[in-house]
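Hello,

Here is the structure for you to open alongside this message. My notes on what was found in it follow below.

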Amino acid sequence: MFGTIFFFVLLGSLIPLIIKSIKAIKIYSYNDNRYNRNEHKPYPSNWTSVIVLPIAVIISWILFSVYVNYATKFWWYQEVGRTDVFWTLLIPKIKIFFASFIILLVSFYLFTKLQYKSLFGNRWSLAINLPISFVVSLGFGLWIASEWQNILMYQNQSLMGLLDPLFNKDASYYLFSLNLYDDFLFIAKTLVICALLYSLIVFIVKAVREEMNFAEFMKTIPRSVWIFIALWCGIHLFDRQISIYQLMYSDHGLFSGVNYVGQNVDIPIFHTEQIVFALIGIIALCIPFFKKAEGLFKFLSIVTIIVMFGGLILPLFIATFNIVWLIIVLLIAIVISIYLFLWGRKMDREILVLVNILITIIFVQFIANEGIIPASIQAVYVSPKEKQVEAPYIKNNIEFTKQAFCLTDEYLVEKSIDYSEKLTKEMLISNQQTIDNIRILDHEATIQVLDNSQTETQYYHFNDVDVDRYPNTDGTSNMYFVGAREMNQDGLQSKTYYNTKYVYGHGYGYIKARGNTYDITSGYPILEVKGMPIRNGEPRVYYQEGDIPEFFYVNSNQNEIDYPVEKGEIEYAYTGKGGISINTAWKKFCFAKKYDWRLFFGGAPVNDSTKIMLNRNVSERVKKICPFITWSSDALFVIRPDGTAAWIVDGFSISEHFPYSSDFDPGKWGYSFGKFNYIRHSVKAVVDAFDGTVEFFTVNEKNDPIIGTIENIFPDMFKPLSEMPKDLQQHLIYPIFYFKAQSYMYLKYHMDDPYEFYQQDKIWRVANENYKGEKTMMEPRYMLLKLPNENKEKFVITIPFTPKELSENQTRDFLTGWVAGECDPENFLKLNVFMYPKGKEIFGPWMIENATNTESQISKSFTLWGQGGSNVWQGNLMLVPIDNTIIAIEPVIVLAQANDGKQQLPSIKMIIAFHNKHLAWGRTTEEALYNLLQGYKPQEAESFTGSVKSIYDQYEVTIPIIDKQGNVSSKTISASSQQEALKEMQKAILKFEEGLKILKGAMQTLSQK
């Protein structure tokens, strides 16, 4: 609507200009006799007014749009209580833009005016140069202002306290300063090129008008051309210094950072190039002032050749280099220099120097210094003894990469496990809480079941379910699958304006299912919290993890739908603090322009109590408030003790500019983030699911200069993690993205020795698993378990490692170790690496699943269940440490095909247990482990019968006892199974019979006497 209004207003403002243009064309172009050129004054009489009017309309529209954009943003920041963020983000942009725009406009206009005047005089100077200067200054002003975030970080930077070993600069210099310098130098070089192009264009236009020949053209090149060449060389001199520091990020395949060639060849070359470009700049400045000094000019030509020659040869003397190759390059340089000099003598003065300068820049910098020389030294000197030569640089890379990814001793503990092949019932009983919390629910299958059975209607869905632990009254915890029932407007049968903006706006309630069990009859999860309504707390979810419309109105004349019931739907009016009040005509007008024209032009059922809700996706919401942090799109949904719900969003400090550190590429693991070589899990954001209120808590700020810098920018935004409510602290989790970045880098950087690192023989990889018939890399698992040699269960995230594959199709799948990241507040973000001894053939996940698939009874069951188009797959395999050994538990899931051709919901059919090359199965984890201990394999896995067997079952039996004196008594003992009880009875009877025989013999002896 607003666009249509603007179009007609602009069209109306153009009518006078169109009329005047038509009449002017008739008078001056077609010589129409009806108009007397001397007497007639075409309507309107003044061209200025007809041109200014549409320009004023356009500028007014732009200014109004900018105002509305920032006004609506301000009201949103006001809603979340962070107007300080609005001004902190806006004022620097304005200052940077206007300062750079005004300086550039004045400077560029004065330059263009002087340049133009010297060639053409003052005619049309203002009309030509002012628009050009305005456009250039506007473009570069906006470009410079786009660096506002880097400028803010630079101005408020916090030191890390870690110095690089080569230049002795703090790591913060590379994180905050170097990149900004590089960007500004690039902007400056581009600006100089633009000015140089303007000078050349104006000069070429003059040359064409005056019909100059080529010789005259070259002799009259204006001074500004040479000055800008000199200026570009001066900027490039500083750019070479930046390039020296940027060697810290160079990638050499095996490792990153400065290598031998970088320190001993590239750095001397860059310093030499600085000298070269400084001399070239001086020569370029001298040319326009000494055109008539023939001797001096020839001298400058010779100096240019010498500079080119020296720029090529000098680095060879500085670097460690093979003498034979040095002589070869020296001869080549002499031949080229003589040729250039002889050829250049035949040409006019300016073009001789210009050609030599261009050849110097192209050959010395781009071909010789950045191509031939480093590559030759690498091939001739470094490669034959690379392991020894690169060892100190590899050591730097290892140390700094570990610092960048928190893999140092401060965060990570390595432990060796003396693996035991023994598994006993006593071991399982002593780890009962671990066994009781082994997760058997499959993540994908669970979401599918919930999305079909717990949404009640199509406008709800479960975007995700989170694995978390919830405390019990006795101090223990249990692991649960928890998910929010979110709004899904794509499921609406009628997606009208009223339905999408007023009626269907919030999700309702949540589910909570124990992760370690399932309904044996149906195969579905057992839900402790389910359905609607939920009476405890506030179940409505206005702010959610999944996609949600850009805006929604609450407290309007149209009631919302709360949740469906058997006959109809319950209505609801919002009672929370979220949303921006639109109780004034001006606010309605502004929000109408930005979001919904019906607010102002009618059709919107709003009143003075109506609020508009914006930014309801929790990840986008926290990103708007704190844009300097990289936020995860996977938030954790938490049900609080009072029944309310909150989202915990993970924030990361990420950079690609940490010195000596290697890159991590998340794109290989399915993430949209770009490469980086530094990461910290620095912030937890808590978003109330009902009100949308946001709080930020710092996590890992001690050695993180990025979060320290952000705290300098927003001093009132963050609270320490210790101030997070205690009930939320119990739900701290190790972010999967952060854990992946650390553990995947650790696959290579667990090697501390540079020679061992160079050999690359001990690289690990993430274990493979068979999921839905495909060999895939195993995903991290959240588990509640007792770590080896510890006495208390902990909530951790784990992933297993195996050796690096021998080739693409030849893998080694024996387990070498695993890593666990702790989630509990006491040791939050601590990594534990457990390594198994060499030579132990411990089956990894892929080998376990292969053994499962080749077991005859299981294979038979899979075939039976898979008939009729049904899908059978092995769910998420869990590797569970039990003291010094390890067991595997895995559910088998069937997605059955119904008679009508429709697929049913995926259900669990059985649980497989594996230990030390032995496997068994049962209906539950306990039964599978019981069968594993007994060495029992049910003959028909697809049809279990009888009561569920448990490793915790105890059978009491009273047995007779007779001592040596013949005294008879009894004793009650406990056995783990009926079979063990019978064995104990048999042993007791035999001993009793032996006692009776001894007693009978004694009686006979007494009777004989």
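Two rings of Phe, Tyr or Trp are counted as an aromatic pair if their centres lie within 6.5 Å. On that basis the structure, which is a predicted model, holds 64 aromatic pairs. The rings of W75 and F591 are one of them: their centres are 5.6 Å apart and their planes stand at 35°, so this pair is tilted. It joins distant parts of the chain, since W75 sits in helix α2 (residues 47–79) and F591 in helix α18 (residues 585–594), 516 residues apart. W75 has a relative accessible area of 11% and is buried; F591 is buried as well, at 0%.

Y542 and F690 make an edge-to-face pair, with 5.8 Å from centre to centre and 70° between the planes. This pair also links distant parts of the chain, 148 residues apart: Y542 lies in the loop between β9 (540–541) and β10, and F690 in the loop between β18 (678–688) and β19 (694–698). Y542 is buried, with a relative accessible area of 0%, and F690 counts as buried at 9%. Elsewhere, one aromatic cluster is formed by F405, F652, F664, F676, Y734, F737, Y738, F739 and Y744.

On the core: the largest nonpolar core has 262 residues, and F696 and I710 touch the most other members. Helix α6 (residues 171–209) gives this core its largest share, 15 residues. Leaving aside residues up to four places away in sequence, F696 touches several residues, including V622, W631, M717 and F718.

Strand β10 also belongs to an open sheet of three strands, ordered β10-β14-β13 with antiparallel pairing. Its edge strands are β10 (551–554) and β13 (580–581), each pairing on one side only. Four bridges join β10 to β14 (residues 611–614), and Y553 stands opposite I612 in β14.

For the protein chain as a whole, there are 28 helices and 34 strands. Buried residues make up 52% of its 1009 residues. The chain exposes about 46800 Å², of which carbon and sulfur atoms supply 56%. Of the contacts with a separation of 6 or more, 69% are between residues 24 or more positions apart.

Last, confidence. The mean pLDDT of the protein chain is 82, and 78% of its residues reach 70 or more. Over residues 318–322 pLDDT stays under 50, and the model has 13 contacts beyond four places in sequence for them. Where pLDDT is low, the predicted coordinates should not be read in detail.

Regards

How values were computed:
Residues are numbered from 1 along each chain as its sequence is written. This is a predicted model: local features need pLDDT of at least 70, side-chain atom pairs count only at pLDDT 80 or more; totals for chains, interfaces and linings use all residues. Side-chain values use heavy atoms; hydrogens and water are left out. Two strands pair if DSSP finds at least two bridges between them. Helices (H or I, at least four residues) and strands (E, at least two) are DSSP runs, numbered from the N terminus. A nonpolar core is a set of buried Ala, Val, Leu, Ile, Met, Phe, Trp, Tyr and Cys residues joined through side-chain atoms within 4.5 Å. Buried means under 20% relative accessible area, exposed over 50%, partly exposed in between (1.4 Å probe, protein chains only). Contact means heavy atoms within 4.5 Å. pLDDT is the predictor's confidence in each residue, from 0 to 100. Accessible areas come from the Shrake-Rupley method with a 1.4 Å probe; for residues, only the protein chains shown count as cover. Rings of Phe, Tyr and Trp (its six-membered ring) pair if their centres lie within 6.5 Å; planes under 30 degrees apart count as stacked, over 60 as edge-to-face and the rest as tilted.
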